[in-house]
Amino acid sequence: MSTYPPTLAALAPKAINWSIALSILLILAGLFAILVPPFSGLAVTLIFAWAMIISGITHFVFAFKTHTTGGVLWELLVGAIYLFTGIYLLLHPLDALIVLTLILAVYLVFEGIVEIIQSFQLRPRHGASWLLFDGVITLILAIMIWRSWPASTVWVIGTLVGISMIFSGISRLMLSLAAKRVLKQSL
């Protein structure tokens, strides 16, 4: 048995096949998220809560690596805020989902406005109308979420995460299939 590490040519087909399998799983997970948006919205909220808790703990660890008093106090304060917020989100996931939906609507309003302004700044250039189109659609989506909030909480986060997962899975699948074709041509 050889102790040499496998070559890139030997690893590439396995990696591509795993990438294809993960792409398909991502697409299926995205479809599930769209079919059951309240469940997926709560899952996103809980993942967000755990990310906040881990960030808080990380800030506490880094506080003791900081060599200035102000830095230590700042890291401890930020860590406490992250930790408190994460624990609160874990204990009150429905409230957190409602707030996250409102934050998303506000974010989309600002994103839409910025994209529309950028489209007018880039107007003489080719493709600026696509930025205007994106800005208008983003604003319409933000208004739809905002006007039906808090009732929109039930579907918004889960549906948008599902759509994102589907498109990420499709793009990853297409890249993997293209890599597989290139690999076959090179052999």
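This report describes the fold, the helices and a few individual residues of a predicted model.

## Overall architecture

The protein in this predicted model has six helices and zero strands, and, read along the sequence, its elements follow the pattern α-α-α-α-α-α. Its C-alpha atoms fill a box of roughly 55 × 50 × 40 Å when this is taken along the principal axes. The radius of gyration of the protein is 22 Å, whereas a compact globule of 187 residues would have a value near 16 Å.

Of the 187 residues in the protein, 27% are buried. The accessible surface comes to about 12,700 Å², and carbon and sulfur atoms account for 77% of that surface.

## Annotated transmembrane regions

An unreviewed UniProt entry places the feature "transmembrane region" at residues 15-36, 42-64, 71-91, 97-117, 129-149 and 155-175; such annotations may be inferred rather than shown by experiment.

Two of these annotated stretches can be set beside the model. Over residues 71-91 the chain is 100% helix and 0% strand, with the end C-alpha atoms 30 Å apart. Over residues 129-149 the chain is 90% helix and 0% strand, and here the end C-alpha atoms are likewise 30 Å apart.

## Helix 3 and Gly79

Helix 3 contains 23 residues and reaches 33 Å from its first C-alpha to its last, close to the 33 Å expected at 1.5 Å a residue. Its buried residues are Gly71, Glu75, Val78, Gly79, Gly86 and Leu89, and these pack against helix 2 and helix 4.

Gly79, which has its place in helix 3, has a relative accessible area of 0% and therefore counts as buried, the cut-off being under 20%. Leaving out residues up to four places away in sequence, Gly79 touches Gly56, His59 and Phe60. Gly79 and Ile57 are 22 residues apart in sequence, yet their C-alpha atoms are 6.3 Å apart in space.

The buried residues of helix 4 are Ala96, Leu97, Leu100, Thr101, Ala105, Leu108, Val109, Gly112, Glu115, Ile116 and Ser119. An α-helix has 3.6 residues a turn, so residues three or four places apart point the same way. The buried residues of helix 4 pack against helix 2 (37-63), helix 3 (69-91), helix 5 (128-147) and helix 6 (156-186).

Asn17 has its place in helix 1, which covers residues 8-35, and at 40% relative accessibility Asn17 counts as partly exposed. Although Asn17 and Ser176 are 159 residues apart in sequence, their C-alpha atoms are 7.9 Å apart in space. Pro38 is found in helix 2 and, at 35% relative accessibility, also counts as partly exposed. Pro38 and Thr153 are separated by 115 residues in sequence and by 7.9 Å in space, C-alpha to C-alpha.

Thr159 lies in helix 6, and its relative accessible area of 16% is under the 20% cut-off, so Thr159 is buried. Once its neighbours within four places in sequence are left aside, Thr159 is in contact with Ile34 and Pro37.

## Aromatic pairs and a cis peptide bond

A search of the whole structure finds two aromatic pairs. One of them is formed by Phe32 and Phe39 and is edge-to-face, with 5.8 Å from centre to centre and 75° between the planes. Phe32, at 44% relative accessibility, counts as partly exposed.

The peptide bond from Trp149 to Pro150 is cis, with omega near 10°.

Terms used. Residues numbered from 1 in each chain as written. Predicted model: local features only at pLDDT ≥ 70, side-chain atom pairs only at ≥ 80, totals over all residues. Heavy atoms only, no water. Helix = DSSP H or I, 4+ residues; strand = E, 2+ residues; numbered from the N terminus. Buried < 20%, exposed > 50% of the residue type's maximum accessible area, 1.4 Å probe, protein only. Contact = heavy atoms within 4.5 Å. Phe/Tyr/Trp six-rings, centres within 6.5 Å; stacked < 30°, edge-to-face > 60°. Rg over C-alpha atoms; globule rule 2.2 N^0.38 Å. Areas by Shrake-Rupley, 256 points an atom, 1.4 Å probe, with all protein chains shown as cover. Expected span 1.5 Å × (residues − 1).
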